[in-house]
Amino acid sequence: MRKIFILALTFLLIFSFAASAEEIKIGSCIYRFNDAFMLRFRNSMSAESEKLGAKIELADGQDNQAIQNEQIDSYILEGVKVLIVNIVDRMTAQPIIDKAKTAGIPIVFINREPPLEMLNTYDKAYYVGAKAEESGTEEGELIADYFKNNPDADKNHDGKLQFIMLKGQNGHQDMILRSKYSVEAIKNAGIEPVEIASAIANWDKLQAMQIMNGFAMSIGPENIEAVIANNDEMALGAIEALKNSDYNKGDKAFYIPVVGVDANASALDAMDKGEMLGTVLNDADNQGTAAVRLALALANGTDLKSIGYEITDNKYIWIPYQKVTRGENK
Ligand code: GAL
Ligand code: CA
């Protein structure tokens, strides 16, 4: 009789433990599913959630803030324990933070950084990402190093660097700061940068290709000494366009150094083929892992010191960027 009782109790305990572990549900909104870097980010969050026995639901905001707002409303109605939000328009974070606060649900923003004044209105609002200026600086350094080590890179021999800038979506911190700090790093390396053209291509490969086709036509590839793109997809679009002009196909006499950010597999491929100079690792694995661990610790009320990532100012987890080249080792 006693044995049966203990057995029943054990089952009850196991069952209730499993049930409560399953109960932790993360509601996550992604600004747009059709984005190569955010796909890596999603995969990382799904893997970490599974590892920790939590359930993560992912919603596609389709680059539309109104759609994303509805998704957040339904997550709150559904009773998710925590939100992870890759906000479409980072300047409109306030009403979303207010909603989470009213519902008593912690909220972790990722990849698109809301202003600190907004994060500061809720003690359970956080941001997990990477410092945009760092990636810009590293991109600029890649170009500056190439220019210094390859005298022929100064095609018109004026000692200055004539470059084209391809920018991501307007208002994104990575668009603003990568554009600024890449140029800053070139100056700091003692080279005078000259922007011969720039355009917004919204992180998108096809848009970048079309824009670059136009620039190659109007400016002439022989007059372009570098292409600095705010991300890899746009760098790859630019490379497609340059190839249309018989540049960047392996002949060093017909080559324009192109740099991006993310270190997506397709960019590493292009670098292996000698079509692309370099990139900067945007560490989706660590950003995704950190976001999920932080979210679950907040949902469970467990010690934030135990998640394995440093939290600064009670608000931020910063994952470092890292330059990636194929230079000397080849
Ligand atoms: C950037 C990334 C871009 C794009 C963007 C989306 O960090 O470099 O490729 O994914 O985020 O917000
Ligand atoms: Ca020059």
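Here is a walk through this predicted model, from its overall layout down to single residues. Local features are taken where pLDDT is at least 70, side-chain atom pairs count only at pLDDT 80 or more, and totals for chains, interfaces and linings use all residues. Residues are numbered from 1 along each chain as its sequence is written, and side-chain values use heavy atoms, with hydrogens and water left out.

Let's start with confidence. The score is pLDDT, the predictor's confidence in each residue, from 0 to 100. The protein chain has a mean pLDDT of 94, and 92% of its residues reach 70 or more. Residues 12–21 are another story: pLDDT stays under 50 there, and the model gives this stretch 1 contact (heavy atoms within 4.5 Å) beyond four places in sequence. Where pLDDT is low, the predicted coordinates should not be read in detail.

Now for the layout. The chain splits into domain 1 (2–130 + 283–320) and domain 2 (132–282), with bounds that come from an automatic or database domain assignment. Taken over C-alpha atoms, the domain centres are 35 Å apart. Where the two touch, domain 1 supplies 15 residues and domain 2 supplies 15 residues.

Next, look inside. A nonpolar core is a set of buried Ala, Val, Leu, Ile, Met, Phe, Trp, Tyr and Cys residues joined through side-chain atoms within 4.5 Å; buried means under 20% relative accessible area, found with a 1.4 Å probe on protein chains only. The largest such core has 59 residues, and Met45, Ile84, Val108, Ile110 and Met212 have the most contacts inside it. Its largest share, 9 residues, comes from helix 11 (residues 284–300); helices here are DSSP runs of H or I with at least four residues, numbered from the N terminus. Because both domain 1 and domain 2 give residues to this core, it lies between them.

Finally, visit Ser182, which sits in helix 7. Is Ser182 buried or exposed? Ser182 is buried, as its relative accessible area is 0%. Leaving aside neighbours within four places in sequence, Ser182 is in contact with Gly136, Thr137, Glu139, Gly140, Met165 and Ile228.

Technical notes
Chains are lettered from A and ligands numbered from 1 in the order in which they are written. Buried means under 20% relative accessible area, exposed over 50%, partly exposed in between (1.4 Å probe, protein chains only). Helices (H or I, at least four residues) and strands (E, at least two) are DSSP runs, numbered from the N terminus.
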